[in-house]
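Please open the structure in your viewer and keep the selection tool at hand. The tour below goes from the whole chain to single residues.

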Amino acid sequence: MLQPDEEQQPQWSDLPAECRREVLLRLSDPRDIEASSEACEHLAVLAQEQRIWRELAQYHFTPQQIATARQNNPEKDWKTIFTIARRSFGLREEYAEMIQLCRNCRCLFWRSLGHPCIADQDPAFQEKLADVDRASLHVPIPPQTFLKFFSL
């Protein structure tokens, strides 16, 4: 990437602080917020705001989880509360779409593209599925689990 020409308008620093703050509020990964604070001094100031870390904590954790993290640390700032909750509960994973695993035929597929299950064409197999909850036949596979399929 090339540094934009200094005469090119508008510059990042020309944006109002509220617009830059809104960009940070759209980040769901704390590493992205930390990295953005290293990009420029404007973002470094915003990345230290309590609002940023409070909303990040509220995105990843339930009110009960936040209360548990605050219970033993009532005087801590939101960044510290977020860190404590992350260690205790892990981060919420949310994806636009995950690969699905068919429990019947062990096929991996994208739900949006449909399931190419060969077993669907077998009448004997269809009889076995009559008493099964079809919603439980397809299991979502998070990216980390999918990558473990290929680890040695």
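Predicted model: local features only at pLDDT ≥ 70, side-chain atom pairs only at ≥ 80, totals over all residues.

The protein chain has 152 residues, of which 26% count as buried.

Now switch to a cartoon view. The protein chain holds 8 helices and 3 strands, and along the sequence they follow the pattern α-α-α-α-α-α-β-β-α-β-α. Among contacts in the protein chain with a separation of 6 or more, 52% are between residues 24 or more positions apart.

Next, select residues 99-102, which make up strand E1. Towards E3, strand E1 is joined by 4 bridges, and the two run antiparallel. Two facing pairs can be picked out here: Ile-99 is opposite Ile-141 in E3, and Cys-102 is opposite His-138 in E3.

On the E2 side, E1 pairs in the antiparallel sense over 3 bridges. Gln-100 faces Phe-109 in E2. E1 and E2 form a hairpin with 5 residues between them; in the turn, select Arg-106, which has a positive phi of about 60°.

Show the side chains of E1. In a regular strand, side chains alternate between the two faces of the sheet. In E1, Ile-99 and Leu-101 point one way, while Gln-100 and Cys-102 point the other way, and all are buried.

Select Ile-81, which is found in helix H6 (residues 78-89). Is Ile-81 buried or exposed? Ile-81 is buried, because its relative accessible area is 1%, and buried means under 20%. Leaving aside residues up to four places away in sequence, Ile-81 touches Ile-66, Ala-69, Arg-70, Asn-73 and Lys-76. For a distance check, take Ala-57: its C-alpha is 7.8 Å from that of Ile-81, and the two residues are 24 apart in sequence.

**Salt bridges**

Side chains of opposite charge can pair when their charged atoms come close. The count for this model is 9 salt bridges. Select Arg-51 and Glu-18, whose side chains meet in a salt bridge at 3.4 Å, N to O. This pair links distant parts of the chain, with Arg-51 in helix H4 (residues 50-60) and Glu-18 in helix H1, 33 residues apart. Arg-51 is partly exposed at 28% relative accessible area, and Glu-18 is partly exposed at 38%.

Then select Arg-26 and Glu-22, which meet at 3.1 Å, N to O. Arg-26 is exposed at 62% relative accessibility, whereas Glu-22 is partly exposed at 24%. Both belong to a network of salt bridges that also links Glu-18, Arg-21, Glu-49, Arg-51, Arg-54 and Glu-55.

Another pair to select is Arg-31 and Asp-29, with the closest N and O atoms 2.7 Å apart. Arg-31 is exposed at 62%, while Asp-29 counts as buried at 17%.

**A nonpolar patch**

For the last stop, return to the surface view and select Trp-12, Leu-15 and Val-23. These residues form a nonpolar patch on the surface, with about 220 Å² of accessible area together. Trp-12 lies in the segment before helix H1 (17-25) and counts as partly exposed, at 31% relative accessibility.

How values were computed: Residues numbered from 1 in each chain as written. Heavy atoms only, no water. Patch = residues over 30% accessible without salt bridge, like charges linked within 9 Å, V, L, I, M, F, W, Y side chains within 5 Å. Areas by Shrake-Rupley, 256 points an atom, 1.4 Å probe, with all protein chains shown as cover. Salt bridge = Lys/Arg side-chain N within 4 Å of Asp/Glu carboxyl O. Buried < 20%, exposed > 50% of the residue type's maximum accessible area, 1.4 Å probe, protein only. Pairing = 2+ DSSP bridges. Contact = heavy atoms within 4.5 Å.
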